[in-house]
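Here is a brief report on chain-level features of one model. It covers a helix, a domain layout, a contact set and some backbone details.

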Amino acid sequence: MSEIKVGKYVLRSDLLYTESDEWVKLNGTEAVVGITDYAQKKLRDIVGVDLPKRGQRVSLGEVIAVVESVKAAADIYSPLSGEVIDVNEELVSSPELINKDPYGSGWLFKLKITNPEESKKLLSAELYAEKIKGD
Amino acid sequence: MFWTPLINFEEKLGASLGEFAGWKMPMTYSSYQEEHMAVRTKSAFFDLSHMGRLRVTGKLQEFENLIAKKISDSPPGNMIGPTAFLNDRAGFVDDVMTYKVSESEFLVVTNAINREKVINWIRKNSTLEVQDLTFDLVMIALQGRGIWEVVEKPDLSPLQFKLNAKFEGHEVFLLSRSGWTGEDGVEFWAKPEVAQSILERLIVRGIKGAGLVTRDSLRQEMGFVLYGEDIGEDVNPVEARYWVYSLEKDFIGKSALLEILRAGVDKLRIGLKLPKNQRVIPRNSSKIKIAGKEVGYVTSSTFSPYLSRVIGMGYLSSRHFLVGGNAEVEVRGKDYSVKLSDFPLLK
């Protein structure tokens, strides 16, 4: 895993990305999802998070969580279709972990994906870097 | 867009910048929660160079006619405020701090968003001279429960000020014992290079930078209003429960204010506290309901690091002004329980 820097934002080469600034770590049919360093820096001080429930079924593009910062509330869209198999409970009492470690302890939820084909639509680190460049 | 003259210095200290009222200013340094707690337990500095600073000269009587609080009783060297300029419906043109330099010279600190409006309003309603000092001097606040452990304590009582004062080995244009955080401290106006030297000296002693996000959470804990969010041209001081006037003299807006006092008001400003662990932030215009009926709206809200809960303020129908009772606030289509609380929310 290597880090890529785009201006003041950090990306990881081993992750996939969405247009709406989520990251996805694919491991077979399991996908861990969080928001990117770019997204957390834009939102700034995160003070709350509304997480999905385990067992919840979601489709690609559906609003699945809300990240609440002092500045704004941001909808989080499911990057893939599937079933929620785990959520990061630690965020309920320490949502600031998303600011401190967006690609690590600030992860949001884990999906069991039902349509692996969808992952082809996700952006590579290079493409996502293009998207946020200059911002 | 205007920039604080200290922007390079502050970026080197790690400031993350953002826009506020047409100014590029430090929003946070580390995290606003840490900065907030630094003010409540130790100390921090704020760059407030976006705030409008005016020198007004002319007849005291003319100035009295503009400003809602009586200033002729105060000796020179005192700040009078917060007070306000009101329109002829008694709505807020701006809420301001005034500084009485002499019987014919006054300084006024305006909200950044209202600087030009206030200059024009004073000129329109009086023959007073107005000089805009905003772009010549920066304004820095040094605030905190432990402020005197890192900053030399000036020989000033709260709300007193001195011009051309010696402070931390430099001469500053103005030094005052004041702030807007609920903690003790000083504010000073100085040339940018002088302010930077003073800050460099204080940073060595451990003072940390704090941004405007932090200032916002501090003022909300105290129940202080922000122009444009909680008050404006269509809100009067009675509704805002913001006692910025003295009725023993005349000023623009006074007759409207007297009528409002006689007739009573339909809405009143109220503080809000959400339960701990309910980490949802209502936004400006979120509905306040009692027993399912809409009875008010939110104007400001944030997460209070000190109280460790979401707080805010808004306006409630005066028939439903049930301080201490519970209500609901609607956020993204869902109702959340909220306690109607009086100010300051910090207790």
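Helix H6 (residues 212-222) of chain B is mostly covered, with 10 of its 11 residues buried. Buried means under 20% relative accessible area, exposed means over 50%, and partly exposed lies in between (1.4 Å probe, protein chains only). Helices (H or I, at least four residues) and strands (E, at least two) are DSSP runs, numbered from the N terminus. Among the buried residues of H6(B) are Leu212(B), Val213(B), Arg215(B), Arg219(B), Glu221(B) and Met222(B). Gly223(B) follows H6(B) and has a positive phi, near 80 degrees.

This is a predicted model: local features need pLDDT of at least 70, side-chain atom pairs count only at pLDDT 80 or more, and totals for chains, interfaces and linings use all residues. Residues are numbered from 1 along each chain as its sequence is written, chains are lettered from A and ligands numbered from 1 in the order in which they are written, and side-chain values use heavy atoms, with hydrogens and water left out.

## Domains

Chain B is assigned domain 1 (2-49 + 135-222), domain 2 (53-132) and domain 3 (266-341). Domain bounds come from an automatic or database domain assignment. The C-alpha centres of domain 2 of chain B and domain 3 of chain B are 34 Å apart.

## Arg115(B)

Arg115(B) belongs to helix H4 (residues 115-125) of chain B. Is Arg115(B) buried or exposed? Arg115(B) counts as buried because its relative accessibility is 8%. Leaving out residues up to four places away in sequence, Arg115(B) touches Phe2(B), Gly52(B), Leu54(B), Thr110(B), Asp132(B), Thr134(B) and Phe135(B). Contact means heavy atoms within 4.5 Å.

## Backbone details

Two cis peptide bonds come next. One joins Gly81(B) and Pro82(B), with omega about 0 degrees. Pro82(B) sits in strand S6 (residues 78-86) of chain B. Another runs from Phe343(B) to Pro344(B), with omega near -10 degrees. Pro344(B) is in the segment after strand S20 (334-341) of chain B.

| Residue | Phi | Relative accessibility |
|---|---|---|
| Leu159(B) | about 65 degrees | 32%, partly exposed |
| Ser308(B) | about 55 degrees | 32%, partly exposed |

Leu159(B) lies in the loop between strand S10 (138-143) and strand S11 (161-167) of chain B. Ser308(B) is in the loop between strand S17 (293-304) and strand S18 (309-317) of chain B.
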